[in-house]
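Please open the model in your viewer and keep the selection panel at hand. The tour goes from the overall division of the chain to the ligand, and then to some points in the loops.

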Amino acid sequence: MNKFFLNLGNQPLANNYLNSLKKKHIKYTLRLFFNTNNKIVSISKRIPSEKMFTNDYPYRSSMSKTMRHSFYELSKEIKKRFNPDKLLEIGSNDGALIKNFKMNKVIGVEPCKNLANITSKKGFLTYNKYWNYKLAKKIKDKHGNIDLIYSANTLTHISNLDDVFRSISLLLKDKGVLIIEDPSLLECIKKNSYDQFYNEHIYLFSAISVKNIISKYDLEIFDIKNLLTHGGSLRYYIKKKINKSFKISIKVKKQIDKEKKYEIDKFKTYKNFSKKVKKSKENLLKILNNIKKNNKKIIGYGATAKAVTVINYCDIDKNLISNFVDTTPEKINNYMPGKNIKILRYNKNILKNYDYAFLGAWNFKNEIINKEKKYFKKGLKFLTHIPKPQVLKYKKK
Ligand code: TMP
């Protein structure tokens, strides 16, 4: 049974950065539910994929050093540990992972044309299509079964999880490996990062729920890794149950035990989370209003989809945060969805004109603070809402 626990209000499509104030956003309710059977957390309103994953999709995996490094390290591990003849990536984005492999060894699947074009043009075989059973069958007919299927921050965006795993099961070799990584529900609850939810993020996975979902398709987790990316993610290493060539690591049980200890499988945890989120909104607004009263100027650092959830849920407009700044070409000079705050092009002097920087990309806090150390030292203050609304002060090491 799906039980409601939090209403994040009316939200525009998170990655729909419009280029004119005259254009209007359609808003959709963003309500969160916990499934008491399979323990999955999901949003209620399902927007057709075609509306969200457009031909000018603005999110690029390669935009941060942290992500480039994470994909590079993973590619090294995959080569050493699994040495696949063929790797297929579902949601290959701008090629941040596949570019680390030989061209004839990888296949990308990417529904957003602007992103698929980036990897195709470089010579990587890329299917500009949505992941589904029909595509899995087509790829199987053409290339045979695949040794390693990888997907980061993509499967949680697809409404029909049964189709997702049925298709993977069809295409994966019996001795093959599936690696998926997505933000961790446990980390989200611990950090009170309600902004992990937006219309694209239909689900937030935990080891407990992934185990429940994939079991139907005779798949099982054999290893697990905690990652720092996206505010705390889990990387799941999955195999077919019939494949006995990998031992099940003790880390799988440890993660599940940790989640159970935190009562991630109990509805009361989400009722509690909901209370904390409401408090977080109140406190963030208090801080922002205080700064405004003192006539100080705030810029949002990182025009992220997460920040779209925050500004729309907390009702923050340009009177409180004057601008956002971002390095992504598709976002620059456009407006933050729903609140029409202009996104400026990043340059290394941009922070000079502001007193506070609100970390829209709080998940890259270290990378950003390191990059902007000069301003931080000179008195610029960073502001974040994770794990609770607060102003960060410069600390000498
Ligand atoms: P994400 O949190 O959804 O991964 O998005 C990160 C966004 O932040 C992306 O639009 C790029 C932007 N960004 C910057 O503009 N400058 C930076 O230094 C970093 C780390 C990210």
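Into which domains is the chain divided? Colour residues 2-30 + 268-391 as domain 1 and residues 40-264 as domain 2. This is a predicted model.

**The two domains**

Next, select the residues in contact across the boundary, where domain 1 contributes 36 residues and domain 2 contributes 35 residues. The size of an interface is often expressed as the accessible area lost when the parts come together. Here domain 1 and domain 2 bury about 3300 Å² between them, and carbon and sulfur atoms account for 60% of that area.

**The ligand**

Now centre the view on the ligand. Why does the ligand lie between domain 1 and domain 2? Both domains give residues to the shell around the ligand, so the ligand lies between them.

Select the shell, which holds 17 residues. Those that come nearest to the ligand are Lys306, Asp326, Lys331, Asn363 and Lys371. Colouring the shell by residue class gives five nonpolar, seven polar and five charged residues. Then show the secondary structure and pick helix α11, residues 365-371. With three residues, helix α11 gives the most to the shell.

- Lys331: a polar side-chain atom is 2.7 Å from an oxygen atom of the ligand.
- Lys306: the distance from a polar side-chain atom to a ligand oxygen atom is 2.9 Å.
- Tyr59: a polar side-chain atom lies 3.0 Å from an oxygen atom of the ligand.

On its own the ligand has 480 Å² of accessible area, and the protein covers 97% of it.

**Backbone points in the loops**

Go to the loop between β16 (381-384) and β17 (390-392), where Pro387 is placed. The peptide bond from Ile386 to Pro387 is cis, with omega near -5°.

Asp218 is not a glycine, yet has a positive phi of about 55°.

Finish with the loop between β13 (323-326) and β14 (343-345), and select Asn333 there. Asn333 also has a positive phi, about 70°, although Asn333 is not a glycine.

Key: Residues numbered from 1 in each chain as written. Predicted model: local features only at pLDDT ≥ 70, side-chain atom pairs only at ≥ 80, totals over all residues. Heavy atoms only, no water. Near = heavy atom within 4 Å. Polar contact = N/O pair within 3.5 Å; in protein donor to acceptor, adjacent residues only side chain to side chain. Areas by Shrake-Rupley, 256 points an atom, 1.4 Å probe, with all protein chains shown as cover. Helix = DSSP H or I, 4+ residues; strand = E, 2+ residues; numbered from the N terminus. Nonpolar A, V, L, I, M, F, W, Y, C, P; charged D, E, K, R; others polar. Domains from an automatic or database assignment. Contact = heavy atoms within 4.5 Å. Buried area = accessible area lost by both parts, 1.4 Å probe.
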